[in-house]
Amino acid sequence: MRLIVTGGAGFIGSAVVRQAVVAGHEVLNLDALTYAACLDNVASVADRPNYTFLEADIRDRAAMDQAFADHQPDAIMHLAAESHVDRSIDGPGTFIETNITGTYTLLEAARAYWLAQGKPDSFRFHHISTDEVYGSLGDTGQFTEDTPYDPRSPYSASKAASDHLVRAWAETYGLPVVLTNCSNNYGPYHFPEKLIPVVILNALAGKPLPIYGDGSNVRDWLYVEDHADALLTVLQRGELGRSYNIGGENERSNLELVQTICAILDRLKPGPHPYADLITFVTDRPGHDARYAIDPTRIREELGWRPSVTVEEGLEKTVRWYLDNEPWWRALQDRQGVGQRLGVKT
Ligand SMILES: NC(=O)c1ccc[n+]([C@@H]2O[C@H](COP(=O)([O-])OP(=O)(O)OC[C@H]3O[C@@H](n4cnc5c(N)ncnc54)[C@H](O)[C@@H]3O)[C@@H](O)[C@H]2O)c1
C-alpha cells in the first residue's frame with residue numbers, strides 16, 4: 001500500500017513507520033518535527049527506497065494538498081498530535097490547534113484528494129486516538145467502543161473532538177474512515193518526559209522517582225510494537241467506518257509499574273541500594289483520571305489480534321533498550337520542559 005503516516009517521527013508513529021516500511025509499504029512520513037519528534041527513531045529504515053520524509057504541519061492545508069498529490073496514498077494513518085497531558089494543562093492552545101484544527105485540515109485535504117480520485121471505497125483515513133476520551137473508571141468495568149465519551153483533560157478533550165470530526169466526515173461526506181482508541185503505550189523511543197522513561201532515567205541517575213498522588217491510578221499498558229501491529233491490522237482488515245479499542249490486558253497501578261521497573265533494574269544494573277528506595281510521592285496531577293481499562297473483545301474476535309507480550313516482558317525489553325541506547329535519550333534531555341514538573345495546578 002501507499003501510506004501517509006502523520007507524526008511518524010514521534011513515539012508510536014515511528015514504530016508504525018518502521019513496521020510498515022519493513023513490510024514493504026510505500027511510506028511517506030509527514031511530521032512537523034515539534035519538540036517531541038526525533039528522526040533517529042526511524043533511522044533503521046530511512047535509507048530504504050520505500051521510505052520518504054516530509055517536514056510539514058498538518059494545519060497547513062496547502063502543504064497537505066501537495067503531500068496527497070505527490071504521494072497518491074491508498075491510506076493515511078493520522079498520529080500527529082500534541083500528546084502530553086501535563087503540557088496540555090499548562091498550554092492547552094497548541095492541543096486545540098494541532099489535535100482539532102489540524103485534524104480538520106487533514107480531513108478536508110483527504111476528502112478533496114478522495115473526491116478527485118473518484119471516491120474509491122478502498123481509501124482509508126485511519127484516525128489514531130486514545131482511551132482517555134472515555135474518561136475515568138472506578139474499581140470495576142472496562143471501556144468498550146460504545147462507552148460514552150467523557151474527556152476530562154485538555155488533551156483528552158482535544159482528542160475526543162478530533163474523533164467526533166472524523167466520524168462526522170464519514171457520516172456527512174462518506175469519507176472512508178476507521179478509528180482506533182488505544183490504552184497507554186510504552187517501549188523503545190518513548191520520549192523522556194513520560195512516566196516510564198522518566199523512572200528508568202531518574203533511577204539510573206540516582207534521582208527521585210516521582211509518583212503522582214498515592215500511585216493508585218491504574219493504566220492498561222501496551223507495548224508500542226504491539227500497538228503498531230494492531231494499527232496496521234485495523235488499517236488493512238478493519239471494517240469500514242468502525243472503531244476498535246486496543247488494549248494490553250495489562251492493568252497496573254502506577255506504583256506497581258514503578259516497582260516492577262525498579263526490580264528489573266536491580267537485576268540488570270544493580271546500584272548501591274534497591275532502586276525502589278528512590279520512589280517519591282509528589283503532588284497529584286489536577287483532574288488525574290483514576291483508572292483506564294480496555295475491553296479488547298472487538299479487535300480480538302473480529303480481527304484475531306491480541307498483544308504479544310505481558311507488561312513484565314515488555315518492560316524488560318524497554319529497560320534493556322534504554323540501557324543500550326544512552327546517546328538517543330541523552331540528546332533529548334536538553335529539550336524544553338524535559339526533566340521539569342509540568343501541569344501542576346495554577
Ligand atoms: N502515547 C500513548 O500512550 C498513546 C496512547 C493512545 C493513543 N495515542 C495517540 O497516538 C498518537 C501518537 O502518540 P505519541 O505518543 O507517539 O506522540 P508523540 O508526542 O511522541 O509524537 C507526536 C508526533 O506528532 C508530530 N506533530 C505534532 N504536531 C504536529 C503538527 N501540527 N503537524 C505535523 N506533525 C505534528 C510531532 O512532531 C511528533 O513527532 C497521538 O495521536 C496520540 O494521541 C498515544
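The following dialogue works through some terms used for this predicted model and sets values against their cut-offs.

User: What should I know about the model before we start?
Analyst: This is a predicted model, in which local features need pLDDT of at least 70 and side-chain atom pairs count only at pLDDT 80 or more, while totals for chains, interfaces and linings use all residues. Residues are numbered from 1 along each chain as its sequence is written, and side-chain values use heavy atoms, with hydrogens and water left out.

User: Why is Val199 called buried?
Analyst: Buried means under 20% relative accessible area, exposed means over 50%, and partly exposed lies in between, using a 1.4 Å probe and protein chains only. Val199 has 1% relative accessibility, and therefore it counts as buried.

User: What is Val199 in contact with, leaving aside its neighbours within four places in sequence?
Analyst: Taking contact as heavy atoms within 4.5 Å, Val199 touches Leu209, Val258 and Ile261.

User: How many aromatic pairs are there, and what makes the pair of Phe68 and Tyr113 tilted?
Analyst: Rings of Phe, Tyr and Trp (its six-membered ring) pair if their centres lie within 6.5 Å, and planes under 30 degrees apart count as stacked, over 60 as edge-to-face and the rest as tilted. By this rule the count comes to 16 aromatic pairs. For Phe68 and Tyr113 the centres are 5.2 Å apart and the planes stand at 35 degrees, so the pair is tilted.

User: What is the pair of Tyr186 and Trp221 called?
Analyst: Tyr186 and Trp221 lie 6.3 Å apart, centre to centre, with 75 degrees between the planes, and the pair is edge-to-face. Tyr186 is buried because its relative accessibility is 0%, and Trp221 is buried because its relative accessible area is 3%.

User: Which residue lies over the face of Tyr35?
Analyst: A charge sits over a ring if NZ of Lys or CZ of Arg is within 6 Å of the ring centre and within 35 degrees of the ring normal. Arg87 lies over the face of Tyr35, at 3.7 Å from the ring centre, and Arg219 lies over the face of Tyr292, at 4.0 Å.
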